[in-house]
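Here is a short report for a reader new to this structure.

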Amino acid sequence: MASLLSETIPRFTAETLRSAAKQSERCHIVPVRLRRAIKKYLREQEDPHMRRKVLRLSESFNEIKQVNLLLPQSTSKGLVEDPLNLERSKRWKIKSVYGDIGLKYSDDETIAYIASRMPAVYCACYRVLSEVRRRLPDFLPAKVLDFGAGTGSAFWALREVWPRSMEKVNLVEPSQSMQRAGQTLIKDLKHLPLIHSYGSIQTLSHNIDKSDRQHDLVIASYVLGEIPSLKDRITLVRQLWDLTGDILILIEPGTPEGSNIISQMRSHILWMEKRKSRKFENSPEKASKSLIPFKSGAFVVAPCPHDGSCPLANTGKYCHFVQRLQRTTSQLTHKRLKGGKPLRGFEDEKFSYVAFRRGQRPREPWPLDGMKFDTLKEQHAKRNPEDLEIDYEDQFESDIDDDQQEVDLVPYHSDTVETDAITDHDSGGEEEKMEVPSADVGSGWGRIVYSPLRRGRRVEMDVCRATNQDATEGSFDRIVLTHSKNPTLHHQARRSLWGDLWPF
């Protein structure tokens, strides 16, 4: 592709490529405000049987996981690819065709969830929302819908990523225990947006005007897997898409089952919008055809660089990512309750996700168009011997495999001694705007899936990429970079992480 457009002016330099491609964060620290809120909540709850509560919550998650494995693959494929005969559910069903096994979250389970799972779920949500912000710098959601809000993990992440733009937030959570806990956690925060809580989508729809139904951002995190009926999942996702004015984000655990749920919902949304676009195109009215870019269409903002079928299907692999986070004091305490491996100051949260945007994917030139990289031999020929300097520090650093470092982080003993340098008036987790180009949502940025393999002066990466500028098709390729053939991209590849983008 770059050879066809070699006459174009390069949009990036070798220095700005890595900054634009960087999407992952090596280790995230939970904000002081959230740590303090969790610690205060747990202190107010007298829970002498916390070990039993944590183990019971783990058993509930395992029960849902086992039920998900019972879904017939043939039925799943038929519903996703040809869902026209889908019977629309009238409500969010806790009682499904597999029985009453959806999590209702009692008070005990809610306490255990806040202590053991909320920080990790928050970090996964923050990672996904941060990437959406970086890929779409002009997107500022004013009205947000958080479906399956739970104790508010996604809401805390939203406040960190877009603290100033949110004006109204609708929370949908059927568990009254979860609702009460979420309200308790945020009661000390200042400058909160207008927040309304509902028990179901139907209650939300009945209490708002039709003109007020569209939300700038809709997010459903760690909730679809708790609904063990595929028909109910598809119905819910269609309802969420109808409530979406711009961005829809779905997040699930980074397990084969969670990745399969995300893949199915991805296929369904894209199928619906392609079908709608074909209707407009086949319409005899010219006015209908002119409305195609505005009334139909959807594309994947992240993680997929294309809107075609998933190239990982039928390969035995599944698409997921990982976010390392520093454990909070509550996590360290309740990790000891469960026993197991020796404790470290961090944990790795694996997750799968997809972020959709309404409309047509923008046509953007590919990042490497017009760029030429010298080989190592050509670079040596161009250098001036009088200006040669040896940077011994950089030489030793290059021999370290960053991904193999497993240094334990020092856990904080008390959140009360830490100072929160960020006030509610500041921009929260917003990064300072960089003057370098950022990665657009065109088809020229691939996604690094799994950790790159560094072997001496050779780096191998598994990259999901688009095979055309329309991003209608994609492939999963092994890319090999050597120091001798392309030292510039090799330098970038050695510092790339699982989940980063890769330019084409």
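The sections below cover the model, its cavities and its salt bridges.

## The model

This is a predicted model: local features need pLDDT of at least 70, side-chain atom pairs count only at pLDDT 80 or more, and totals for chains, interfaces and linings use all residues. Residues are numbered from 1 along each chain as its sequence is written, and side-chain values use heavy atoms, leaving out hydrogens and water.

## Cavities

The whole structure has five cavities of 30 Å³ or more. A cavity is a set of points, on a 1 Å grid over the protein atoms alone, where a 1.4 Å probe fits but cannot get out; lining residues have an atom within 4 Å of a point. Volume is the space filled by probe spheres set on the points, which are joined across faces, edges and corners.

The largest cavity holds about 80 Å³. Its lining includes Arg266, Cys304, His306, Phe321 and Arg447.

## Salt bridges

There are 19 salt bridges (a side-chain nitrogen of Lys or Arg within 4 Å of a carboxyl oxygen of Asp or Glu). One joins Asp500 and Lys22 at 3.6 Å, N to O. These two residues are 478 residues apart. Asp500 is buried, at 2% relative accessible area, while Lys22 is partly exposed at 22% (buried is under 20%, exposed over 50%, partly exposed in between, with a 1.4 Å probe and protein chains only).

Lys276 and Glu273 also pair, at 3.6 Å, N to O. Lys276 is partly exposed, at 32%; Glu273 is buried, at 3%. Elsewhere, salt bridges with shared partners join Arg455, Arg458, Glu460, Asp462 and Arg478 into one network.

Technical notes. On a 1 Å grid over the protein atoms alone, a cavity is a set of points where a 1.4 Å probe fits but cannot get out, and a pocket is an open set with protein on both sides within 12 Å along at least five of seven lines; lining residues have an atom within 4 Å of a point. Helices (H or I, at least four residues) and strands (E, at least two) are DSSP runs, numbered from the N terminus.
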